[in-house]
Amino acid sequence: MHSILVIGAGKIGSTIVDMLHETGDYRVTVADASPEALEAVAKDGVKTIQLDFSDAVALQNALKGHYAVLSAAPYHLTSHVAKAARLADVNYFDLTEDVATTRMVKELAEGASTAFIPQCGLAPGFISIVAHDIASRFDKLDTVRLRVGALPQYPSNALSYNLTWSTDGVINEYIERCEAVVDGKLREVPAMEELEEFSLDGTRYEAFNTSGGLGTLCETLEGKVRNLNYKTIRYPGHCGLMRVLLNDLGLRNRREVLKDILENAVPATMQDMVIVFVTVTGERGGRYVQETYARSVYGQKVAGTQRTAIQVTTAAGICAMLDLLVAGKLPKQGFVRQEEIDLDSFLANRFGRVYAGERLDEGHEPAVKNIRLDAVA
């Protein structure tokens, strides 16, 4: 039985704790600065530690003796966890979409005796595994498009959005510059730009550039693909209203103010869905062809507690990576990219199976639906 330290007892961290604890295969400890958050996640067999993540000494001491640390902390605290993991010789996993943090993790992983596996959630994470799997079946790549959305099933406000995960993370991906491959060259493109619209299952959506969703896929496919990009899916009109807040009202330079507005004006919801949509075009067998992967995932119960789709998919991603490392199916040292993981192995995993249409609470209806492609523009 491996000892695991989960950093962060919020929406995603608490789901990770429940998933791992429910298996009976891991000894789980969860750390957070908030005693209220720890009280909410506490249960028999789960140890809790009140911890200031910015305290390097306390963080390193907390990591000692653990097989791995799984960071579900806000993106701006992730670097502290990664540094402590290197000093404590502990396997490291995170969920960050922050590009600068991942570059730092890559540097820390050089010469490490343990594995450093960042970006283990939905996007970045599972989306890169899918895209690389499809791309590997082409003789010559032309364009790879990755689209992901965590959306309310029943939008009822002008933004057509509800808070389902980290507000800090949403703001960060709406502001920071995005990586892409354009005409064969790795470039940075601005967030909230290159707006497009499309239809899936009769519902109209929009998608636009956001930061971090590609993970390390740009580096992996640079020189092999003509165009590669990632966009976040929202309902029509969301992008325009967020541009008003970020640009016209200048809130991109006042993130705490924007966070306070969103968290007090935009309600949370348990009724969400996650859309995963990947399209690859290129040559195969001498023909120019396209292959598409499209799924929608809904929430389900985890250890008797109802969880949202974004909580389940994000937590399942990092838990599956932990399982695969323990099983010897991932490199045990150094930096590990998401696209190094075999899609079939991921979907066969007890956590990864939620993306394949199976539920963690067996005996219920599937939580995944295959999407009908109507019109993509």
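**Terms and the values behind them**

Author: Let us begin with Thr-101, which is located in helix 5 (residues 99–109). Please bear in mind that this is a predicted model.

Reader: What makes Thr-101 count as buried?

Author: The relative accessibility of Thr-101 is 7%. Buried means under 20% relative accessible area, so Thr-101 counts as buried at its 7%.

Reader: Which residues does Thr-101 touch, leaving aside those up to four places away in sequence?

Author: Thr-101 touches Tyr-75, Thr-78, Ser-79 and Thr-96. Contact here means heavy atoms within 4.5 Å.

Reader: Why is helix 3 called oblique to helix 4?

Author: Two packed helices are described by the angle between their axes and the distance between the axes. Helix 3 (residues 56–63) and helix 4 (residues 78–88) pack at about 55°, and their axes are 9 Å apart. Angles under 35 degrees count as roughly parallel, those from 65 to 115 as roughly perpendicular, and those over 145 as roughly antiparallel, while the rest are oblique. The angle of about 55° therefore makes helix 3 oblique to helix 4. The crossing of these two helices is right-handed.

Reader: Which residues make the contact between helix 3 and helix 4?

Author: Helix 3 contributes Leu-59, Gln-60 and Leu-63, and helix 4 contributes His-80, Val-81, Ala-84, Ala-85, Leu-87 and Ala-88.

Reader: How do you know that the buried residues of helix 9 line one face of the helix?

Author: The buried residues of helix 9 (residues 238–248) are His-238, Cys-239, Met-242, Leu-245 and Leu-246. Viewed down the axis of helix 9, they fall within an arc of 125°, so they line one face of the helix. Among the elements covering these buried residues are helix 7 (167–175), strand 11 (203–209), strand 12 (227–234) and helix 10 (255–265). After helix 9 comes Gly-250, which has a positive phi near 70°.

Reader: Why can the buried residues of helix 10 also be said to line one face?

Author: In helix 10, the residues Leu-258, Lys-259 and Leu-262 are buried. Seen down the axis of helix 10, the buried residues fall within an arc of 100°, so they line one face. Their cover includes helix 7 and helix 9.

Reader: Which exposed residues does helix 10 carry on the face turned away from its buried side?

Author: That face of helix 10 carries Glu-256, Asn-264 and Ala-265. Exposed means over 50% relative accessible area.

Note on methods:
Residues numbered from 1 in each chain as written. Predicted model: local features only at pLDDT ≥ 70, side-chain atom pairs only at ≥ 80, totals over all residues. Heavy atoms only, no water. Buried < 20%, exposed > 50% of the residue type's maximum accessible area, 1.4 Å probe, protein only. Helix = DSSP H or I, 4+ residues; strand = E, 2+ residues; numbered from the N terminus. Arc of directions from axis to C-beta. Axes fitted to C-alpha atoms, helices over the stretch in contact; angles between N-to-C directions. Left-handed = near helix turned anticlockwise from the far one by under 90°.
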